[in-house]
Amino acid sequence: IFKVLATKTKGIIGFVFKNWARFFTYINFLLAVLIQTIFVFCLPAIMIEKRSFWGALKRNFSLLKSLFLSSFLLILIPSIAFLPVILLKDNLNLLINKSFPEITLVIIVLGVLLTIIIDAFITTAITVLFLLKRDTEA
């Protein structure tokens, strides 16, 4: 539907429909960061404090009351490094036509490696923040 509307309409409405998919890609990115932030302290609570699932959720939300902004930024800033990969994947057909088809494999491998690095950084940073907060509470 969006493709038909984008080709049949002109002006600002045509521009909106042409960029609608890209808009949702970045909204999806921000929602993923927000959802990850909402549940970010569950894993450290389970692994470090040996809490149950429900206990970890309760601990998570109690920590988020004071650490939401710092947690959100600790997740958002490294995740921004993944935006170029998202942009490359959005323009994959253009890249294949302008270069070579194997560029798809290069972009996928780049995305996987970048995801591993970003996830390791976020997990480490959030765990350090969790431990610092736990030490100040005691």
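# A kinked helix and its partner

Let's start with the bend: helix α5 has a kink of about 85°, centred on L67. The bend at a residue is the angle between two fitted axes, one for the seven residues ending there and one for the seven starting there. Helices here are DSSP runs (H or I, at least four residues), strands are runs of E with at least two, and both are numbered from the N terminus.

Before going on, a word about what you're looking at. This is a predicted model, in which local features need pLDDT of at least 70 and side-chain atom pairs count only at pLDDT 80 or more, while totals for chains, interfaces and linings use all residues. Residues are numbered from 1 along each chain as its sequence is written, and side-chain values use heavy atoms, with hydrogens and water left out.

Now the overall picture. The chain has eight helices and zero strands, so reading from the N terminus on, the elements simply go α-α-α-α-α-α-α-α. Of the 138 residues, 27% count as buried, where buried means under 20% relative accessible area, exposed means over 50%, and partly exposed is in between (1.4 Å probe, protein chains only). Take the contacts between residues at least 6 apart in sequence: 67% of them join residues at least 24 apart. Contact here means heavy atoms within 4.5 Å.

How does α8 do on the same test, at 1.5 Å a residue? Its 35 residues should span 51 Å, and its end C-alpha atoms are 50 Å apart, which agrees.

These two helices also meet. The axes of α5 (residues 53-79) and α8 (residues 103-137) come within 10 Å and cross at roughly 150°. Axes are lines fitted to C-alpha atoms, for helices over the stretch in contact, and the angles run from 0 to 180 degrees between N-to-C directions. The crossing is right-handed, a label used if the near helix is turned clockwise from the far one by less than a right angle, with left-handed for anticlockwise.

Which residues of α5 and α8 meet? On the α5 side you'll find R59, L63, S66, L67, S70, S71, L74, I75, P78 and S79, and on the α8 side I118, F121, I122, A125, I126, L129, F130, K133, R134 and E137. By class, this contact has twelve nonpolar, four polar and four charged residues. Nonpolar covers Ala, Val, Leu, Ile, Met, Phe, Trp, Tyr, Cys and Pro, charged covers Asp, Glu, Lys and Arg, and the others, Gly among them, are polar. As for α8, its buried residues include I118, I122, A125, I126, L129 and F130.

A few α5 residues are worth a visit. S71 is buried, with a relative accessible area of 0%. Leaving aside neighbours within four places in sequence, S71 is in contact with T37, V40, F41, L64, I126 and L129. N60, also in α5, counts as buried at 0% relative accessibility too. With neighbours within four places again set aside, N60 is in contact with I38, F39, V40, F41 and C42. The C-alpha atoms of I77 and I122 are 45 residues apart along the chain and separated by 9.5 Å.

I38 is partly exposed, with a relative accessible area of 28%. Not counting residues up to four places away in sequence, I38 touches N60, F61 and L64. The C-alpha atoms of I38 and N60, 22 residues apart along the chain, are separated by 8.1 Å.

K50 is in the loop between α4 (42-47) and α5, and at 67% relative accessibility it counts as exposed. Most residues other than glycine have a negative phi. Phi of K50, though, is near 55°, a positive value. M47, in helix α4, is exposed as well, at 54% relative accessibility. M47 and T127 are 80 residues apart in sequence and 10.0 Å apart in space, C-alpha to C-alpha.

Note on methods
Expected span 1.5 Å × (residues − 1).
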